Amino acid sequence: MKKMEAVIRKWPLLLAALATPAVAMAAEPEGRYSSVDTIWVLLGAILVYFMQPGFAMVETGLTRAKNAGNIVMKNFMDFALGTVVFWFLGFGLMFGTDIGGIIGTPDLFVTHFQVPDDAGYTPLAYLFFQTVFCATSATIVSGAMAERTKFSAYCVYSVLISLLIYPISGHWIWGGGWLSELGFHDFAGSTCVHLVGGVCAFVGAWLLGPRIGKYNKDGTVNAIPGHSITLACLGMFILWMGWFGFNGGSTVSMTGDKTIESVGHIMITTNLAAAAAACTTMIVTWVKYGKPDVSMTLNGGLAGLVAITAGCDTVTVPGSFAIGIISGIFIVYAVEFVDQKLKVDDPVGAIAAHGGCGALGTILTGFFSESDGLLYTGDPHYLFIQILGVVAVAVYVFIAINIVFRIIRATIGLRVSPSEEINGLDFEEHGLASAYADFMMIPETTEGKIEAGKAPKNAVEIPVDKEVPDTVVPREMPADGHHLYCVTIITSDKRFEILKASLEAIGITGMTVTQALGFGLEKGQTQMYRGAAVSAKLLPKVRVDMVVSKIPPRTIIEVAKKALYTGKYGDGKIFITTVDNAVKIRTGEEGYDALQDYPIEDDK
């Protein structure tokens, strides 16, 4: 204490200088906005923005490699285009002063908007938050219309969704319009965002028509698997994380105990619904298809997230679990219904996941809302309002986007030509030979299912251990007295290591191995993807070529048969051809001598 008094007497000016900032800060008047609330809104917006690459990865993974560049370009540009037009006009139509409960007063470039007096965030922070929601609605449409839509057409309808269609129905729900006055509840956008995007996706895919090879003349369905389940899963992880900003950030506040408790509640209901839906979908597909379907399970997680979004703030935690289970079952049958009954080709399941589960989740809120739901109050009034809101938004969007798509189809056209579709939109629309540079792309076939052939009744299997005389076609003996043969083996890439070890054991010192694509009778084997049979695909094979003389071809044949035989289609074939000559470039040796390899120091 004495030391402190000594310091004060000796350095009074220093003490005053140190104390001045604290005094100044204490005297500073309280600001209009809350830094905590503003940061929370901006953080939520950033998480929702990060959902854009999530959607891009899901869509890219569930479609074919030849269109990957086109798809990421679309997802990139719908956010860029949507940001501009939503700032220009869309935000004003959605949040401007209400006109008859239908539309907001236009506010060009958002120059007059003010947040409510009790809001702790700034107007521009709210603009950013709503912009990323608008972009989410627009990007949903991309997946359902993937792999056959003109890029120019995509840009036009993406702009119109963000400029007019989404803001008008959004005003009804979030901007003070007629649905909000009735008490319609859609906390974070099951209807406002996802149903709007899902209906646009349905109309677009319906008018566009299916991809080439999707449906056979008899109406049967050919599944067209995506090229990278890994990418799709990565995208789903990103979406799941982003959804915590989508739902949690929609409180637009983190001030006060009640709000803080609400945010924690929202995070739990959001996460639990998604997890329950994913588990349910996995079980349903496992029972239904005999195997747990990976891509459908990813859709299940998305279905739970979409469904809980409307009522994540009002349903109980057990209620969110129930919504997850219901949406997890619903998504499987909704995807199959759209794909196999309606014959609407949706490569990523956007119509079912966003449109179907958006409507489902909004209606289920009418049952499970703890404050107003039918299961808690016994009063159906709130449920009827929820149903009315879903129907009204769906009808409005169906009519509006129909007009947009039909005008585009009649003017610049919606769909690329058949040759462009077959070649891939990466090359035709963007000049990309491949979005994956030096990675190998697997060509696709466009033909329908072909039933596997059956062996003739009089066919007899030759046991692999039975000695068969060499039946290689003889030819005139060469001058050095040694025949040269090329033995070519084409088989499954999964059996190559076994074959290689077997051939090395009999003295094969050289072979040429080529990655190949092809199919035989295994083309007809049933494979399932998202509940539909997969059409014929070029399967990964290896081609092994060996030129031999000292080792008889029959020895190679017998060894290869034993190494590769499984008794199933796809074991492969062996081809024997004669070779006129062989030349070893290093030594100039020809014929038999050219094939005899020794270590260089021993080579004569």
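Biologist: What makes K343 partly exposed?

Modeller: This is a predicted model, so every value here is computed from it. K343 has a relative accessible area of 32%. Buried means under 20% and exposed means over 50%. The 32% of K343 lies in between, so K343 is partly exposed.

Biologist: Where is K343, and what is its phi?

Modeller: K343 sits in the loop between α12 and α13 (350–368). Its phi is near 60 degrees, a positive value in a residue other than glycine. Most residues other than glycine have a negative phi.

Biologist: Why is V110 called buried?

Modeller: V110 has 13% relative accessibility. The cut-off for buried is under 20%, so V110 counts as buried. V110 lies in the loop between β2 (103–104) and α5. Its phi is positive too, about 50 degrees, although V110 is not a glycine.

Biologist: How do you know that N67 is buried?

Modeller: The relative accessible area of N67 is 0%. That is under 20%, so N67 is buried. N67 is placed in the loop between α3 (35–61) and α4 (68–95). Leaving aside neighbours within four places in sequence, N67 is in contact with E147, G424, L425 and D426.

Biologist: What makes E147 and R211 a salt bridge?

Modeller: Side chains of opposite charge can pair when their charged atoms come close. The limit is 4 Å between nitrogen and carboxyl oxygen. For E147 and R211 the N to O distance is 2.5 Å. Hence the label salt bridge. The pair links distant parts of the chain, 64 residues apart. E147 is in the loop between α5 (123–144) and α6 (151–174), and R211 is in the loop between α8 (190–208) and α9 (229–248). Both residues are buried.

Biologist: Why does the pair K214 and D339 tie together separate parts of the sequence?

Modeller: K214 forms a salt bridge with D339, with the closest N and O atoms 3.1 Å apart. K214 lies in the loop between α8 and α9, and D339 lies in helix α12 (residues 317–341), so the pair ties together parts that are 125 residues apart in sequence. K214 and D339 are buried.

Biologist: How do you know that E558 and K561 are about one helical turn apart?

Modeller: They are three residues apart in helix α19 (residues 553–564), so about one turn separates them. An α-helix has 3.6 residues a turn. E558 and K561 form a salt bridge, with the closest N and O atoms 4.0 Å apart. E558 has a relative accessible area of 9%, so E558 is buried. Elsewhere, salt bridges that share partners join R64, E147, R211 and D345 into one network. The count of salt bridges comes to 12.

Biologist: How does the reach of α10 compare with the expected span?

Modeller: Helix α10 (residues 257–289) has 33 residues. From first C-alpha to last, α10 reaches 48 Å, close to the 48 Å expected at 1.5 Å a residue. G290 follows α10, with a positive phi near 90 degrees.

Terms used. Residues numbered from 1 in each chain as written. Predicted model: local features only at pLDDT ≥ 70, side-chain atom pairs only at ≥ 80, totals over all residues. Heavy atoms only, no water. Salt bridge = Lys/Arg side-chain N within 4 Å of Asp/Glu carboxyl O. Helix = DSSP H or I, 4+ residues; strand = E, 2+ residues; numbered from the N terminus. Buried < 20%, exposed > 50% of the residue type's maximum accessible area, 1.4 Å probe, protein only. Contact = heavy atoms within 4.5 Å. Expected span 1.5 Å × (residues − 1).
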